[in-house]
2 protein chains.
Amino acid sequence: MSDPSETGQSPPNFDQEFQARLRDLFLWRRDVRRFRRDPVPAATVSDLLSLAVLAPSVGYSQPWRFVVVEDAARRAAVRKNFAHCNAEALNQQHGDRAELYARLKLDGLEDAPVQLAVFCDEGTQAGHGLGRRTMPETLRYSVVTAVHTLWLAARARGIGVGWVSILDPQALSQTLDVPDDWSLVAYLCVGWPEEEHLDPELARSGWEVRQASADTVCWR
Amino acid sequence: MSDPSETGQSPPNFDQEFQARLRDLFLWRRDVRRFRRDPVPAATVSDLLSLAVLAPSVGYSQPWRFVVVEDAARRAAVRKNFAHCNAEALNQQHGDRAELYARLKLDGLEDAPVQLAVFCDEGTQAGHGLGRRTMPETLRYSVVTAVHTLWLAARARGIGVGWVSILDPQALSQTLDVPDDWSLVAYLCVGWPEEEHLDPELARSGWEVRQASADTVCWR
């Protein structure tokens with residue numbers, strides 16, 4: 001694998017065929033909650049992590065910290081954390097929506113062979129504060145772009161990713177025994193999907209519909 | 001363009017050639033601050049926005065709101081906002097770092113033909129709160145993945161994107177006259193880059209170095 005700092009190379013020409021395939025990748029990237037239990041090779045996980053760190057970061061701060069969660073007791077604690085938070089979330093839904101919520105599958109924590117907790121190192125000195133004086137949240141946003149990079153790279157290998165956010169982040173940080181100044185950005189389930197879908201699970205289940213583009217773009 | 005909600009299609013096979021090109025895309029996606037002034041066709045901008053909304057979002061909330069900034073007076077106010085915040089940021093750097101900071105080019109606001117302010121609609125009812133009770137910040141994270149999707153799609157068309165965060169977000173929201181419950185996530189300069197680079201500008205200028213992967217991955 002070549003070093004990204006090497007110079008003297010000319011930029012690739014991304015042709016229309018690639019652009020079309022990239023669109024397919026965006027379309028078929030799904031939040032996966034149903035995983036086969038087959039293991040994902042360690043080299044593949046390592047490959048995905050090496051791509052994730054090519055993401056942009058504010059001031060080149062590279063604040064992403066990936067915790068590969070393998071210990072059975074810790075994984076059980078994560079599942080318990082999710083079950084608790086999901087029960088509370090269900091309590092806040094009412095009527096038909098509560099019934100629908102109860103039927104949704106919102107995590108793949110039981111089956112996903114690879115689980116990654118992704119943190120932001122809020123204490124990092126890298127980047128020397130550049131670009132985050134007025135918008136300090138851009139440090140965490142940098143971590144989000146790394147998560148998304150990993151997600152797309154995984155899907156291009158046929159591997160699914162599911163982002164679980166129904167968790168108590170403080171409890172999760174304790175479970176994983178990470179430094180105090182790391183804040184949780186995402187907990188990712190990773191593995192081979194049981195099914196492939198073009199439409200989001202929450203659209204298919206009738207939870208939400210695609211928003212009209214007229215509602216998302218305006219001119220000033 | 002096919003509707004992403006259509007069903008019955010089988011998933012594409014992303015082969016090794018595509019995976020290698022995707023890695024090139026991650027490697028050559030740069031934060032661009034030096035733009036040619038040639039216009040970007042409106043259809044291309046529209047195309048990029050239609051790809052951006054294929055990003056994942058918590059609870060399928062799709063909270064991204066894109067403001068295409070075209071008015072000359074508003075653009076001038078954005079430049080003034082940046083100049084003010086950048087001068088204050090320079091004041092916080094000391095010695096050699098202050099000298100280095102002063103030499104950095106941190107925005108393309110003068111030349112970028114397309115400028116997009118990207119907001120999160122904090123008041124959206126879409127998604128019915130799913131997934132964001134314990135981690136409400138995932139609403140803004142969803143907008144970040146849309147920004148990153150647009151960035152990658154742009155680069156695949158030879159178009160550069162630069163994310164400007166050295167801005168007072170409240171002042172920017174006033175300049176653009178957006179609803180009170182929209183929060184700024186990113187201000188993007190978009191256009192044809194004057195130069196192409198494999199290494200990040202802040203690495204090339206000596207501001208920061210690539211972090212060792214051993215410092216970003218751990219096991220639990």
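Predicted model: local features only at pLDDT ≥ 70, side-chain atom pairs only at ≥ 80, totals over all residues.
View 1. Turn chain B by 180° with a shift of 0.0 Å along the axis and it lies on chain A with an RMSD of 0.0 Å. That's the relation of a two-fold axis. (Superposition is by least squares on the C-alpha atoms of residues with pLDDT of at least 70 in both copies.)

**View 2. The side of chain B that touches chain A.** The contact takes 84 residues from chain B and 84 residues from chain A; two residues are in contact if their C-beta atoms, placed from the backbone, lie within 7 Å. α1(B) gives the largest share of chain B's side, ten residues. By class that side splits into 44 nonpolar, 20 polar and 20 charged residues (Ala, Val, Leu, Ile, Met, Phe, Trp, Tyr, Cys and Pro are nonpolar, Asp, Glu, Lys and Arg charged, the others, Gly among them, polar). The copies meet through the same surface, since 100% of the interface residues of chain B are also interface residues in chain A.

**View 3. α5 against α5.** The axes of α5(A) (residues 138–156) and α5(B) come within 9 Å and cross at roughly 60°. Axes are lines fitted to C-alpha atoms, for helices over the stretch in contact, and angles run from 0 to 180 degrees between N-to-C directions. That makes the pair oblique, i.e. not under 35 degrees (roughly parallel), over 145 (roughly antiparallel) or 65 to 115 (roughly perpendicular). A:Y141, A:V144, A:T145 and A:H148 meet B:Y141, B:V144, B:T145 and B:H148.

View 4. β5 of chain A (residues 217–219) and β1(B) run parallel, joined by three bridges; pairing takes at least two DSSP bridges. A:W219 sits opposite B:V68. Strands are DSSP E runs of at least two residues, helices H or I runs of at least four, numbered from the N terminus.

**View 5. α2 on α5 within chain B.** The axes of α2(B) (residues 42–52) and α5(B) (residues 138–156) come within 8 Å, crossing at roughly 135°.

Note on methods:
Residues numbered from 1 in each chain as written. Chains lettered and ligands numbered in written order.
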